[in-house]
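Okay, thanks for coming, everyone. Let me put the structure up, and then I'll walk you through it.

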Amino acid sequence: MDKHSLVIIGGGPAGMAAAVEAKKSGIDDIVIYERDTQLGGILNQCIHNGFGLHTFKEELTGPEYAGRFIGQTEALGIHYETGSMVLSISSDKKVTVVSREKGLRVVEADAVILAMGCRERPRGALNIPGMRPQGIYTAGTAQKMVNCEGWVPGKEVVILGSGDIGLIMARRMTLEGAHVKLVAELMPYSGGLKRNIVQCLDDYNIPLKLSHTVVDIKGKRRLEGVTITEVGKNGAPIPGTEEYYSCDTLLLSCGLIPENELSSNAGITINNTTNGPVVDDRLETNIDGIFACGNVLHVHDLVDFVSEESGRAGRNAAEYIKNGGRKENSAKCINVTPGNGVRYTVPSVIDTANLTENIHLRFRVRDVYKGCSIEVKTGSETLLCRKKKIMVPSEMEDVILKKELLSASGDITVSITEGGA
Amino acid sequence: MDNKIFDAVVIGAGVVGCACARELMRYDLSVAVVERESDVCEGTSKANSAIIHAGFDAVPGTLKARFNVQGNKMMDDISRKLDIPFKRCGAMVVCLDENDIPKLQTIYDRGIANGVEGLKIITGDEARALEPSLSNNICAALYSPTSGIVCPFEMTIAYAENACENGAEFFFRNEVRSIRKDGDIYTVETTSETFRTKMVINCAGVYSDDVHAMIEKPDFEITARKGEYLLLDKSAGGLTKATIFQVPTKMGKGVLVSPTVHGNLIVGPTAEDIESKEDVATTKDGLDTIRRVAALSVSDIPYNKVITSFTGVRATSSTGDFIIRNTDGFIDAAGIESPGLSSAPAIAQYVAELVCAELHPQKNGGFKEERRGIPKLAHLSFEERKALIDERPDYGQIVCRCEQISEGEILDAIRRPLGATTLDGVKRRVRAGMGRCQAGFCSPRVIELLANELGIPQWEVKKNG
């Protein structure tokens, strides 16, 4: 059986950043398994700009951003295998992988980093009633067709969901000559970044209808049109508000789901809110030596944050391997609980006895909050309170907790409070 | 086609038409199958509960009862010979109201009269011991060990492939426009060909009354009855081991909850008579009804794991029974609603007998009754899978992540006789795109493979049709 110190599953931004940092931390025997034909993951189809402002202090396209990391991966001599799909991981870190070139084999690892990314929520999971004709695609699938395969799937387009890929595709389809009639969003707020609303919809006069959804789909072979209605506070359609839009294409941008079937089958505990593994501050799952980072852990808005997080996973995995798989004695683990207005936090456990870095605590809020504060408390003691002009569910929040602050702390809660400091 | 006279033209390439064609190939007969769509399994056969019923539902003495029980008994042999997945997972008819227990007894009695084996009435607690996810509302149940689940796509495709391999000719995109009889010969005109034949076999599903009407005013009518379903992810597939039916109540016929043979969970159907035979739209009301009614028998169905919903249309006959008979060389296999899938093997055998009684053909000495399916790499043992990939490296290139379907399997689906020409065709043959992402990731790649194999540009590759 082949053996590697570190097996990284996925060669997108998360996998590459983890590999680079693990290598820099002294781990030589690394392999990245990537199922596509090249490294880069979904970035390869994101030909628009806006990537890298945090990481490289300049604006790059997706392939350029990926290219920077591919360059580092190759310069560091990190081994990677494309066209390689991991089929299963066992709890003792035996990884079954298959490829055209090398066939089917089992590889043993000292540590594993999960970096498989996420998938788009399909029509079926959205429970949109109606016919099932050709012309309904998730936004990312359409993006792949337009940007990688070089053909445009339709001319008259309606987009459901205002996730970032949907917004990007509204602009992209317009630039390719299609007529994007509207973007409908079920929630009363957008699912994407503000800058994408401005640059992809406003600049092209594409209407965004908040609190609207698709309630019927017409067409037997090819999509003929959709019925859009307004929805009330409870999300239920308001009778009498139906509007029919003829279209040959419906794009869906209604959420991303971390792809954790491999993780679940390995026995890794999954957080029901994020659909990603439960991890501690080292980004380690409940199975020793299996780490997770990037969109497989929780869906990020910006690839820059994926890279930062994944670098930490790489360093922590390296540390684990260098310690011979022995964990530092986790004498003092505290729980991080999402409080008022907070959907989840990553991590959800912090090992305060062995802190090597400050804690990046990332989370999403439940609703739109204006002029409220993020409050981190342990018992009745406030560890951190930061006022924010606005917080929205579509933009991930990030607070850094100084390790000194945590060393004596008990369990902590992260909440949104009115007013505040 | 003008000079050739077929022995039989089968109208409709659903499971019944394809099974009939295959059974006819046991004899020295020339058979054409004409189908209006571009593939087999495009109508009722593709959207149903995928259940092989035991045979306790039908009224004793009906064709439904006879062919269902017979068909069920044939399934082990057929699944082996045609290499299709079939599992006798058992079924339970659960009773939600003590007042309905006599109905359970009626179903039991019907089953016994129809010749169903192994039926047993059990208490609610016994039922819950067998199926822990059953709700506490259940006060009694009928347990049926011979009920099973099958893949209706593969069953239809396997019948068609085996028929084709034995010489049946398939003509797709041929919608029948008229049928006339001159002397002993029928002339079947379709949208693109004219067929001359000694016999016609009407397996036109919801259109079987319309097809019958081309030779004479039918003495039956087919109503399209719509049934909506929810399909859940494989992670929910183990919720029940057996198919869970409900005793019909004054609230309605009830819905079933069942594992599928591929490990998903299926919930449905609704039952609604519809005007248009083409109306396969799902509705909010329909899907809401399924959720509500299924929850009566099975607790905690994880509806957040729904991966798709779909609607099937059943051919409900005004006679209440299947209509299978030979009138002057024109054989109806009409009104084949549930338990049609379960009955198809027996119906086909019976139709072949009707044809033989008329044409007295010789046996086909070269009939090959076994068909090998496309290998299912994801279900093989490590060693078997490894060996196959070493032999055919394209079996090692995964295209559909969710179902772990390789490029080799997809190419097989396209290249086989009666191979796939559409995304749905590939999906029904090898399940690429059938998983939780519903083809989000694999469809661009499958489109590319189809385009290359068919020699067409990618944008001309169709989802269906």
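**Cavities first, then the interface**

So, a search through the whole structure turns up 2 cavities of 30 Å³ or more. Before I go on, keep in mind that this is a predicted model. As for how you look for such things, rolling a probe the size of a water molecule over the atoms shows where empty space is left.

Let's take the largest cavity. It holds about 570 Å³ of space. Who sits closest to the centre? Of the 33 lining residues, the closest are Ile136(A), Lys427(B), Gln438(B), Ala439(B) and Lys463(B). From chain A, the elements that give two or more residues to the lining are α3 (123-126), β10 (136-138) and α4 (139-149), and from chain B they are β18, α11 (423-430) and α12. Which element gives the most? That's α11(B), with 4 residues. Sorted by class, the lining of this largest cavity comes out as 17 nonpolar, 11 polar and 5 charged residues.

On to the second largest cavity, with about 50 Å³ of space. Its lining is made of Asn271(A), Thr274(A), Pro277(A), Val278(A), Val279(A), Leu297(A), Thr345(A), Val346(A) and Ser348(A). In classes, that's 5 nonpolar, 4 polar and no charged residues.

Val346(A) is joined to Pro347(A) by a cis peptide bond, with omega at about 0 degrees. Pro347(A) itself is in the loop between β21 (342-346) and β22 (349-351) of chain A.

You'll find Pro339(B) in the loop between β20 (330-334) and α8 (340-359) of chain B. Then there's Asp300(B), which isn't a glycine but has a positive phi of about 55 degrees. Look for Asp300(B) in the loop between α7 and β18 of chain B.

Chain B puts 43 residues into the contact and chain A puts in 38. Between them the two chains bury about 3600 Å², and 56% of that is on carbon and sulfur atoms. Which three residues of chain B supply more of its buried area than any other three? They're Phe382(B), Arg401(B) and Arg436(B), and together they supply 15% of what chain B buries against chain A.

Now charges. Side chains of opposite charge can pair when their charged atoms come close. Across this interface there are 5 salt bridges. One to click on is between the side chains of Glu407(B) and Arg100(A), at 2.7 Å from N to O. For polar contacts between chain B and chain A, the count is 15 residue pairs. On the chain B side, the elements giving two or more residues are α7 (284-297), β18 (306-317), α9 (382-391) and α12 (443-454). And the class breakdown for that side is 16 nonpolar, 13 polar and 14 charged residues.

Last stop. Over all chains, the structure holds 76 salt bridges. Here's one inside chain B: the side chains of Glu42(B) and Arg428(B) meet at 2.8 Å, N to O. Why show you that pair? Glu42(B) is in the loop between β2 (31-34) and β3 (51-52) of chain B, while Arg428(B) is in helix α11 of chain B, so the pair ties together parts that are 386 residues apart in sequence. And α11(B), remember, is the element that gives the most to the lining of the largest cavity.

That's my tour. Questions are welcome.

How values were computed:
Residues are numbered from 1 along each chain as its sequence is written. Chains are lettered from A and ligands numbered from 1 in the order in which they are written. This is a predicted model: local features need pLDDT of at least 70, side-chain atom pairs count only at pLDDT 80 or more; totals for chains, interfaces and linings use all residues. Side-chain values use heavy atoms; hydrogens and water are left out. Contact means heavy atoms within 4.5 Å. Buried area is the accessible area (1.4 Å probe) that two parts lose on being put together, summed over both. A salt bridge is a side-chain nitrogen of Lys or Arg within 4 Å of a carboxyl oxygen of Asp or Glu. A polar contact is a pair of N or O atoms within 3.5 Å; within protein, one must be able to donate a hydrogen and the other to accept it, and residues adjacent in sequence count only if both atoms are side-chain atoms. Ala, Val, Leu, Ile, Met, Phe, Trp, Tyr, Cys and Pro count as nonpolar, Asp, Glu, Lys and Arg as charged, and the others, Gly among them, as polar. On a 1 Å grid over the protein atoms alone, a cavity is a set of points where a 1.4 Å probe fits but cannot get out, and a pocket is an open set with protein on both sides within 12 Å along at least five of seven lines; lining residues have an atom within 4 Å of a point. Grid points are joined across faces, edges and corners, and a volume is the space filled by probe spheres set on the points.
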